[in-house]
Amino acid sequence: YLEAMENGATIESITYSAEDYVDGDGSTLSKEAEVYLPSGYSDSSDSYPLIILMHGWQGNDSTIFTAEDGAVVNVLDHMIAEGVIPACIVVTPTFDTRNKSASWEKSETELEPFASETRNDLLPYLLENYRISEDRQDHYFGGFSMGGVTVWYEFLENLDLFHGFLAISGDCWKTKTDGAETDYAETAGLLEQAVRDQGFDSDDFLIVAESGSEDYFLTPMEEQ
């Protein structure tokens, strides 16, 4: 699965406009993202499921597809070719307002506002420019580390847009930044209430939350 496939996916770089939800001054940002288009996309008229994957701290929009010599791209190509997953479009944006990390402290302020960018800017752009299924059941959002933290903000605010959520080594920071010190019961209560407030129940979504056995985030993820 780690070997590159002949006639595999095409990776496109895109730029889209988004409001600056961090500073909240109404200014417009030029944001960047990478788009994985599965083999056969250009020859098809089908609509495809959408997966959005968010990088961790100090990453950028290209990190996920270029890390480890393109391992994620190769794995996706093989899984699609062998029918393990359906052909899908995978998008890797960045939560950093300037498309690169300025500091840990700055990045902390950019995680939650990205949920507004997803709803108002990124997803509309993708639906307009690519043949993506408009069915919420076909939309998934995942992330690693700080990107995993963004997954929980998407869950809290955009459950009507996504059916599946994948948080890797990233817990929910809604009650307090640095979730390892969070009131776990309060956080779990917020997540439960968000489901009710958005008009859903436990059968309407899927969460996969993973962390390594020696990972800093293991305890807060298990507790939450």
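Which residues line the largest cavity? The structure examined here is a predicted model, in which local features need pLDDT of at least 70 and side-chain atom pairs count only at pLDDT 80 or more, while totals for chains, interfaces and linings use all residues. Residues are numbered from 1 along each chain as its sequence is written, and side-chain values use heavy atoms, with hydrogens and water left out.

The lining of the largest cavity is made up of Glu19, Asp20, Tyr21, Val22, Leu29, Phe95, Thr97, Glu110, Pro113, Phe114 and Glu117. On a 1 Å grid over the protein atoms alone, a cavity is a set of points where a 1.4 Å probe fits but cannot get out, a pocket is an open set with protein on both sides within 12 Å along at least five of seven lines, and lining residues have an atom within 4 Å of a point. The search of the whole structure finds one cavity of 30 Å³ or more, and the volume of the largest cavity is about 60 Å³. Volume here is the space filled by probe spheres set on the points, with grid points joined across faces, edges and corners. Six nonpolar, one polar and four charged residues form this cavity lining; Ala, Val, Leu, Ile, Met, Phe, Trp, Tyr, Cys and Pro count as nonpolar, Asp, Glu, Lys and Arg as charged, and the others, Gly among them, as polar.

Turning to the open spaces, the largest pocket has a volume of about 860 Å³. Its lining comprises 33 residues, of which Ile51, Leu53, Val72, Leu166 and Ile168 lie nearest the centre of the pocket. Two or more lining residues come from each of strand 3 (50-54), helix 1 (63-81), strand 5 (139-144), strand 6 (164-168) and strand 7, where helices (H or I, at least four residues) and strands (E, at least two) are DSSP runs numbered from the N terminus. Helix 1 gives the most, with nine residues. By class, the pocket lining holds 24 nonpolar, eight polar and one charged.

Aromatic side chains come next, and 11 aromatic pairs are found in the whole structure. Rings of Phe, Tyr and Trp (its six-membered ring) pair if their centres lie within 6.5 Å, with planes under 30 degrees apart counted as stacked, over 60 as edge-to-face and the rest as tilted. For Tyr16 and Tyr125, the ring centres are 6.0 Å apart and the planes stand at 35 degrees, so the pair is tilted. Because Tyr16 lies in strand 1 (residues 10-19) and Tyr125 in helix 3 (residues 114-129), the pair ties together parts that are 109 residues apart in sequence. Tyr16 is buried at a relative accessible area of 3%, whereas Tyr125 is partly exposed at 24% (buried means under 20% relative accessible area, exposed over 50%, partly exposed in between, with a 1.4 Å probe and protein chains only).

Phe155 and Phe205 make an edge-to-face pair, 5.1 Å centre to centre with 80 degrees between the planes. Both Phe155, at 2% relative accessible area, and Phe205, at 19%, count as buried. These two rings belong to a cluster in which ring pairs link Phe141, Trp152, Phe155, Phe162, Phe165 and Phe205.

Most residues other than glycine have a negative phi. Asn7, in the segment before strand 1, has a positive phi of about 60 degrees and is exposed at 62% relative accessibility. Ser169, in the loop between strand 6 and helix 5, has a positive phi near 50 degrees but is buried at 5%.
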